[in-house]
Amino acid sequence: MKKLLVSALVLIAGVFLVYLSSHSTGIKAGQPAPDWSLVNNRGNTEKLSDYQGQVVLLNFWATWCPPCVFEMPSMQRLYRRFEGKKFRVLAVAVDEGGWGAIRSFLKRIPVEFPLFWDQTGSVADLYGVSRLPESYLIDSKGIVVRRFSGPVEWDSPEIVRLIEQLTGPLRN
């Protein structure tokens with residue numbers, strides 16, 4: 001009985017999340033990705049438009065968000081897998097703890113791709129981020145190909161195929 005109740009709750013939660021994601025406001029597939037400018041964890045100011053001509057995975061996350069923390073290692077593996085291709089991962093933190101929280105996170109879970117801090121939440125607002133993590137796959141022309149709400153196993157075969165469709169096949 002307990003397993004049945006848990007299964008029913010999981011199903012209801014899943015249906016609710018699908019409903020929310022299909023009725024959420026914000027940037028959707030087929031729309032241009034809004035440009036933004038933020039400072040990264042290396043102290044450099046960058047804009048999304050600096051990556052024009054490359055496929056970009058733009059991820060909104062927070063250090064206190066367990067699903068965000070869960071997906072970071074697979075995002076790092078995806079980043080490494082496409083190293084040398086026209087593909088970039090950009091992760092925008094919405095932490096109130098700022099750079100201190102982000103640097104502490106990096107000591108526990110190191111990543112090589114740029115991290116940014118959206119201090120005012122303006123970039124997350126620009127995209128209509130409704131939950132964390134939320135990610136956008138953006139093609140080389142700056143158009144959103146797909147919006148992901150919730151954690152993703154970023155180096156899964158499905159995601160790798162999707163990125164290969166946009167960047168060209170990987171050579172092993």
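In helix α3 (residues 98-108), the residues Gly98, Trp99, Ile102, Phe105 and Leu106 are buried, where buried denotes under 20% relative accessible area, exposed over 50%, and partly exposed in between (1.4 Å probe, protein chains only). These residues cover an arc of only 120° around the axis, which puts them on the same side of α3; the arc is taken from the directions from the helix axis to the C-beta atoms. The face of α3 turned away from this buried side carries the exposed residues Gly100, Lys107 and Arg108. The cover over the buried residues of α3 includes β1 (37-39), β3 (55-61), α2 (66-81), β4 (87-93) and β5 (115-117), with contact meaning heavy atoms within 4.5 Å. Helices (H or I, at least four residues) and strands (E, at least two) are DSSP runs, numbered from the N terminus.

The model is predicted: local features need pLDDT of at least 70 and side-chain atom pairs count only at pLDDT 80 or more, whereas totals for chains, interfaces and linings use all residues. Residues are numbered from 1 along each chain as its sequence is written, and side-chain values use heavy atoms, with hydrogens and water left out.

An open sheet of five strands shows the order β5-β4-β3-β6-β7, with mixed pairing; two strands pair if DSSP finds at least two bridges between them. The strands β5 and β7 stand at the edges, each with a single partner strand, so one side of each is left without a neighbour in the sheet. On average, neighbouring strands of this sheet are turned by 20° against each other, direction ignored. Strands β6 and β7 run antiparallel and are joined by five bridges, and Leu137 stands opposite Arg146 in β7. Helix α2 packs on the sheet, touching β3, β4 and β6, and its direction makes about 160° with that of β3. Helix α3 lies across β3, β4 and β5 and runs at about 155° to β5. For these angles, axes are lines fitted to C-alpha atoms, for helices over the stretch in contact, and angles run from 0 to 180 degrees between N-to-C directions.

Salt bridges were assigned where a side-chain nitrogen of Lys or Arg lies within 4 Å of a carboxyl oxygen of Asp or Glu, and the count comes to six. Arg77 and Glu153 meet through their side chains in a salt bridge (2.9 Å, N to O). This pair links distant parts of the chain, 76 residues apart, with Arg77 in helix α2 and Glu153 in the loop between β7 (144-149) and α5 (157-167). Arg77 is partly exposed, with a relative accessible area of 40%, and Glu153 is also partly exposed, at 34%. A salt bridge between the side chains of Glu83 and Arg80 has an N to O distance of 3.4 Å; Glu83 is partly exposed, with a relative accessible area of 48%, as is Arg80, at 44%.

Glu134 forms a salt bridge with Arg147, the closest N and O atoms being 2.7 Å apart. Glu134 lies in strand β6 and Arg147 in strand β7, so the pair ties together parts that are 13 residues apart in sequence. Both Glu134 and Arg147 are buried. Salt bridges that share partners also join Arg77, Glu153 and Asp155 into one network.

Most peptide bonds are trans. The bond from Leu132 to Pro133, however, is cis, with omega near -10°. Pro133 lies in the loop between α4 (122-127) and β6 (134-138).
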